[in-house]
Amino acid sequence: MSAAPEELRAEGLSLGYPGRMVIRDLDLTLPPGRVTAILGPNGCGKSTLLRACARLIAPLAGRVTLGGADLRRIDSRALARRLGILPQQPLAPEGITVADLVARGRAPWRGLLAGWSARDAEAVDRALAAVAMAGLRDRPVAELSGGQRQRVWIALALAQETDMVLLDEPTTWLDLPHQIEVLRLLQRLNRERGTTVISVLHDLNLAARHSDHLVLLGPEGLVAEGPPAAVLTEPALQRAFGLAARVLPDPVSATPMVVPL
Amino acid sequence: MRAALALLAAAVLLALLVGPRPVGPGTAWAALTAPDLTDPAHVVLLTQRLPRLAAGLIAGAALGLAGVILRGLTRNPLAEPGILGVNAGAALAVVAGAMATGRGDGGLVVAMAFPGALAAMVAVFLIGGGLRGGAGPMRLALAGAVLNALLMSLVTGIVLLRAESLEVLRFWNTGSLSQAAGRPLGAMAAVVAAAVLGALAVAPALDNLALGEAMARGLGTRTARAKGVALALVAALAGAAVAVAGPIAFLGLMVPELARRLAGGGMRAQMGAALCLGPAILLAADVAGRVVLPPGEVKAGVMTALIGGPVFIWLARRIRPGALA
């Protein structure tokens, strides 16, 4: 991992499909070394933005830069060593075990003819330990609970050893305790390893609790960005979601807590 | 892997020794080390069984490997060159070329089989809704079944039109190893060997693609290129198999399932297993065909269909609705 974390920026970015623009002329800097959550109503382009940041889709206009360089100019493998993406609903091959799935995260580091190296094995062990799945490493993934399975996918992204991890709705389909578990895990990775974490999330209050930086999108584009207390305001929620709400301090964490009216 | 190699070794021995005229191991060894062309057993072994063995190794390895690649690419256990009509496309191109030029030699076969396989594969993926089978695995299998039936009926039509050369052309209706001696074995062995290297090179990309398109790209795979290479390899392998053995059904269906059970989920391990299991099954089918109805002979392609049909039904019943979409 490089010493100075790199900045992911959108510059004049327009995304969507011919005839339906989802994001229009967006300028945005995602702060390095922090935990960022992208929030907004359904259909506002949260996932589209995240996918563009991982070069899974090409911009209609503008560009995404990583450390100042246009993503499209970075070699596929080189990018995969710097930026990991956990998409929504990835597929687990039939019959694969936990350790074998996590090992797939080493792909960008392995040469065409190079075998499995000690470094690869260490990275997998570390990733499994980080998500507390080392004891289940030989289990078939199909036998795991939803929360465990999500931890395995996160471990795959960790084994990839990138400075930056992008996650598309990593808590969807999980019950509340598992959502909190995943968000705490991501926060801990950020604190311990300095990994830049950028997720698309739905739950405003959990996002406020577990993020350093929020990006709030609305139907008309970017509504607000910054620390949670500056972003989750009553007028901003009205603009982004058309939602009338009170914002109170969370009695436990003191972060903003959204109470719909 | 050891089990697969043992199976292959057993099949090779059977292919050399068993037939309407059994040959003892000692005679076989003598024929290979000190051939005596006045001994009929040596002649049978050298001019019949050795070429058949070579054809079985080439076509079996090609179809087994093609099946593993296609299954990995589509996540569809029903996707194999026989069912998808790729073998039939190669066979039709060969037969049509033979009718148009009046030639039937190895050069023509080689020149026609590959474009035929490629054209059929492009057609089946266009009809079947793309690589991931946008409309589900059944649509791709159905598109293949229809295309296969259409192409094979055209082959039959052409074969029947040319009654005078019926025996030669009938080879293209159902695959068999019986005409191995007249087939371009050396050239096709080279094609398969090159395709094996290509397949091993593209295997890590296929491993990544098995996690989904987005994940694969996130892991640094150039997915469009990998898919293009993989499909070109399948067309080359199917073309080579048809050129030496005609259209052999269901082999590409049975082998990947067995290879996955034997070797686990990794692509390279599965490919290695398939390279042993494909020839083992095809040679066993050929040997069985030689002995079940003496003095006649049942074609290897019929034998693989007899075993493969039930395997197809079993695999099709295992697909849960939407599970592979």
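Biologist: Which residues does B:Asn208 touch, leaving out residues up to four places away in sequence?
Modeller: Keep in mind that this is a predicted model. Setting aside residues up to four places away in sequence, B:Asn208 touches A:Arg104 and A:Ala107 in chain A, together with B:Ala216, B:Leu219 and B:Thr221 in chain B.

Biologist: Where is B:Asn208 found, and is it buried or exposed?
Modeller: B:Asn208 is found in helix α8 of chain B, which covers residues 185-209. Its relative accessible area is 5%, and because buried means under 20%, B:Asn208 counts as buried.

Biologist: Changing topic to strands: how many residues of β9 in chain A are buried?
Modeller: Six of the six residues of strand β9 (residues 213-218) of chain A are buried, so the strand is largely enclosed by the rest of the structure. Both of its faces are covered, with A:His213, A:Val215 and A:Leu217 buried on one side, and A:Leu214, A:Leu216 and A:Gly218 buried on the other.

Biologist: In which sense does β9(A) pair with β3, and in which sense with β10?
Modeller: With strand β3 (residues 35-39) of chain A, β9(A) pairs in the parallel sense over four bridges, and in β9(A) the bridge partner of A:Thr36 is A:His213. With strand β10 (residues 221-226) of chain A, the pairing of β9(A) is antiparallel and runs over five bridges. A:Leu217 has A:Leu222 as its bridge partner in β10(A), and a hairpin of two residues joins β9(A) to β10(A).

Biologist: There is also an open sheet of four strands in chain A; what order do the strands take?
Modeller: The order is β2-β1-β4-β5 of chain A, with antiparallel pairing. At the edges stand β2 (20-30) and β5 (69-70), each with a single partner strand, so one side of each is left without a neighbour in the sheet.

Biologist: How many bridges join β4 to β5 there?
Modeller: Two bridges join strand β4 (residues 61-66) of chain A to β5(A), and the two strands run antiparallel. Within that pairing, A:Thr65 stands opposite A:Asp70 in β5(A).

Biologist: What about helices, say α1 of chain A: how many of its residues are buried?
Modeller: Seven of the eight residues of helix α1 (residues 46-53) of chain A are buried, so the helix is largely enclosed by the rest of the structure. The buried residues in α1(A) are A:Lys46, A:Ser47, A:Thr48, A:Leu49, A:Leu50, A:Ala52 and A:Cys53. Just after α1(A), A:Arg55 takes a positive phi of about 60°.

Biologist: Let me jump to A:Glu161; where is its place, and what polar contact does its side chain make?
Modeller: A:Glu161 sits in the loop between α5 and β7 (164-168) of chain A, and its side chain makes a polar contact of 2.5 Å with the side chain of A:Arg126. A:Glu161 counts as buried, at 10% relative accessibility, and its phi is near 50°, a positive value in a residue other than glycine.

Biologist: Last one, over in chain B: where does B:Arg75 lie, and what is its phi?
Modeller: B:Arg75 lies in the loop between α3 (40-74) and α4 (86-101) of chain B. Although B:Arg75 is not a glycine, it has a positive phi of about 55°.

How values were computed. Residues numbered from 1 in each chain as written. Chains lettered and ligands numbered in written order. Predicted model: local features only at pLDDT ≥ 70, side-chain atom pairs only at ≥ 80, totals over all residues. Heavy atoms only, no water. Buried < 20%, exposed > 50% of the residue type's maximum accessible area, 1.4 Å probe, protein only. Pairing = 2+ DSSP bridges. Contact = heavy atoms within 4.5 Å. Polar contact = N/O pair within 3.5 Å; in protein donor to acceptor, adjacent residues only side chain to side chain.
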